[in-house]
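I opened my notebook beside the model to see what could be looked up. Here is what I wrote down, entry by entry.

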4 protein chains.
Amino acid sequence: MTQVFINGARDDLNVREFQSLDPSIQEIILAATEARKQAYCPYSNFAVGAALRTSDGTIYSGCNIENGAYATCICAERTAAVKAISEGKRDFVACAVVAQQDNGFTTPCGVCRQFLSEFVNGKDIPLYAAKPTNLPLRVLCTSVLQLLPNGFSFANGK
Amino acid sequence: MTQVFINGARDDLNVREFQSLDPSIQEIILAATEARKQAYCPYSNFAVGAALRTSDGTIYSGCNIENGAYATCICAERTAAVKAISEGKRDFVACAVVAQQDNGFTTPCGVCRQFLSEFVNGKDIPLYAAKPTNLPLRVLCTSVLQLLPNGFSFANGK
Amino acid sequence: MTQVFINGARDDLNVREFQSLDPSIQEIILAATEARKQAYCPYSNFAVGAALRTSDGTIYSGCNIENGAYATCICAERTAAVKAISEGKRDFVACAVVAQQDNGFTTPCGVCRQFLSEFVNGKDIPLYAAKPTNLPLRVLCTSVLQLLPNGFSFANGK
Amino acid sequence: MTQVFINGARDDLNVREFQSLDPSIQEIILAATEARKQAYCPYSNFAVGAALRTSDGTIYSGCNIENGAYATCICAERTAAVKAISEGKRDFVACAVVAQQDNGFTTPCGVCRQFLSEFVNGKDIPLYAAKPTNLPLRVLCTSVLQLLPNGFSFANGK
Ligand SMILES: [Zn+2]
Ligand SMILES: [Zn+2]
Ligand SMILES: [Zn+2]
Ligand SMILES: [Zn+2]
């Protein structure tokens, strides 16, 4: 598993400084950081925030929401996504995920990668994984399709 | 499985006329009916809407959102719930679910019952299952704890 | 949420002594207790075992299997069930669940109730929740349909 | 999304002839093909089989098992995996997935990638995606970590 460290020693080419990113990207990272404060995570104590921008410019953000039956937990990325989709917005142009782990960036889990890939629609969705602290902030820049190569799709079922 | 039919022949005691319900309940049923229009359900073609009212009076609504990998689907009830929770609202006072099946009311699936039960907090959440058509509208009146008796909880983990 | 305690003070009518149960039921409770030893639960440290008997008399057992992404966890009941189903056995006649919580029996979560209800086929599946210790062993006797009243079904989709 | 086609025109470098694979790999592909026959998929009519070999040489196989509540579906890969894990076998050395789609190989969904990645343990698990027909059989050769790059892990929680 490729691990990316913020001290730069082993950063891969996709890690960039927050300040060097487009303001529209900075904005969703900050939205994800803010949304993270609402996380309901009494089981893991691991708070995650996420934000998605849709093609009309709107930002939808969310946090992880856990459950005593772990299988029922919903991640921050899916929370943000269903908020947008249920408002009729399915055309995502960028995604940010923010959480604090010492040893690397927190990327979306496989469930969220699968969920988001449904809405890629022949394009791709850039995805930015960041930490809420450790300034100067560094950001892993990737995308939904990079994170789910050779993705499962079930075209016949649609 | 107790099935409840709208023709009245086998209605159970918990089925009531829409018009007889409190206006605040009518309002969330209508919100769920409206939210249902945003359903993303190309695999099942089965659209569901849901709405939750929180203790401050706000209504959060959502629809089901499917995925080619069925396990990744998120129901309308959870969509509505995560919208509220991610906005800092976890104190639910009523829930409505709206979908169209000929042979009975559409109640929450087990996943959604489990998800909602996390936020019952020693009380209960009344739940109303209705259909978008077939007026005069009839409504199955139940609750989250009635639908998940002897619920699983994992208190030690919190 | 109805809680049932083993000290008898608040036991409900469905709690029975292990020794009073049919030997075929005792057998699946012991199988679930044994299967529990294989639980992979580094995140919750909450081990669960389950066992199902199919109509041909075979017992299939399983444990809970967790994941760093909590939503991906699979419970003991579903582990046992998929083992049977993938061997061509879908006709369940009894289910046992075994785990240790101080304050009540561990019943199936909503996901597992939903999963098992798919295979009820117009009958019902008796379900026994027990603890691995605290002899003389007491057992909560219930059923899949009792635990998922007014169950969601999507008959049109089949 | 990289699509791989069996007609060879757009095959990527990881597609190989079944006959050229190691007999131990051929064996799990055939086991997955056989397990697929037990698929319970009345909602999608899309049958999938999977097989895993553990380090002691044993093969565990499974099929997909669907549910009226789609979120409760369990894929073939996870069915095979929980069978092994619940028998105390967590050291996977190879995985095969078999299903029939006209336009490409069926790879594991994100949920299954996440589930399997928990058991990679610093190594990786080769993964073979094949079709049950269309001989001479061609096989997409990949791995769990290739399919889940920059994987989510939550080391602190363990
Ligand atoms: Zn996730
Ligand atoms: Zn549901
Ligand atoms: Zn469960
Ligand atoms: Zn899968």
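**Entry 1: ground rules**

I began with metal sites, where donors are N, O and S atoms within 2.8 Å of the metal (3.2 Å for Na, K and Ca), and water is not among the atoms, so sites may look incomplete. This is a predicted model, in which local features need pLDDT of at least 70, side-chain atom pairs count only at pLDDT 80 or more, and totals for chains, interfaces and linings use all residues. Residues are numbered from 1 along each chain as its sequence is written, chains are lettered from A and ligands numbered from 1 in the order in which they are written, and side-chain values use heavy atoms, with hydrogens and water left out.

**Entry 2: zinc in chain D**

Cys75(D) and Cys109(D) link distant parts of the chain, 34 residues apart. Cys75(D) sits in the loop between strand S3 (59-63) and helix H2 (76-85), and Cys109(D) in the loop between strand S4 (92-99) and helix H3 (110-117). I took helices (H or I, at least four residues) and strands (E, at least two) as DSSP runs, numbered from the N terminus. Are Cys75(D) and Cys109(D) buried or exposed? Both are buried, where buried means under 20% relative accessible area, exposed over 50%, and partly exposed in between (1.4 Å probe, protein chains only).

**Entry 3: zinc in chains C and A**

Cys75(C) and Cys109(C) are both buried.

For the zinc ion (ligand 1) I noted Cys75(A), Cys109(A) and Cys112(A) as protein donors, by SG at 2.3 Å. The sequence spacing of these donors reads C-x33-C-x2-C. This time I followed Cys75(A), in the loop between strand S3 (59-63) and helix H2 (76-85), to Cys112(A) in helix H3 (residues 110-117), 37 residues apart. Cys75(A) counts as buried because its relative accessibility is 17%, and Cys112(A) is buried with a relative accessible area of 0%.

**Entry 4: helix H3 of chain C**

How many residues of helix H3 (residues 110-117) of chain C are buried? I found eight of its eight, so the helix is mostly covered. Among them are Val111(C), Cys112(C), Phe115(C) and Leu116(C). The buried residues of H3(C) pack against helix H3 (110-117) of chain B. Within chain C, they pack against strand S2 (48-54), helix H2 (76-85), strand S4 (92-99), strand S5 (126-130) and helix H4 (144-147).

**Entry 5: H2 against H3**

I checked how H2(C) and H3(C) pack: the angle is about 20 degrees and their axes are 9 Å apart. Axes are lines fitted to C-alpha atoms, for helices over the stretch in contact, and angles run from 0 to 180 degrees between N-to-C directions. H2(C) and H3(C) are therefore roughly parallel to each other; angles under 35 degrees count as roughly parallel, over 145 as roughly antiparallel, 65 to 115 as roughly perpendicular and the rest as oblique. In H2(C), Glu77(C), Arg78(C), Ala81(C), Val82(C) and Ile85(C) meet Val111(C), Cys112(C), Phe115(C) and Leu116(C) of H3(C).

In chain D, H2(D) and H3(D) pack at about 20 degrees with axes 9 Å apart. That makes H2(D) roughly parallel to H3(D).

**Entry 6: chain copies**

Last, I laid chain B on chain D: a rotation of 180 degrees with 0.0 Å of shift along its axis gives an RMSD of 0.0 Å. Copies are superposed by least squares on the C-alpha atoms of residues with pLDDT of at least 70 in both. That is the relation of a two-fold axis. The C-alpha of Ala71(B) is the nearest to the axis in chain B, 2.0 Å from it. I also saw that 100% of the contact residues of chain B recur in chain D, the same surface serving both copies; contact means heavy atoms within 4.5 Å.
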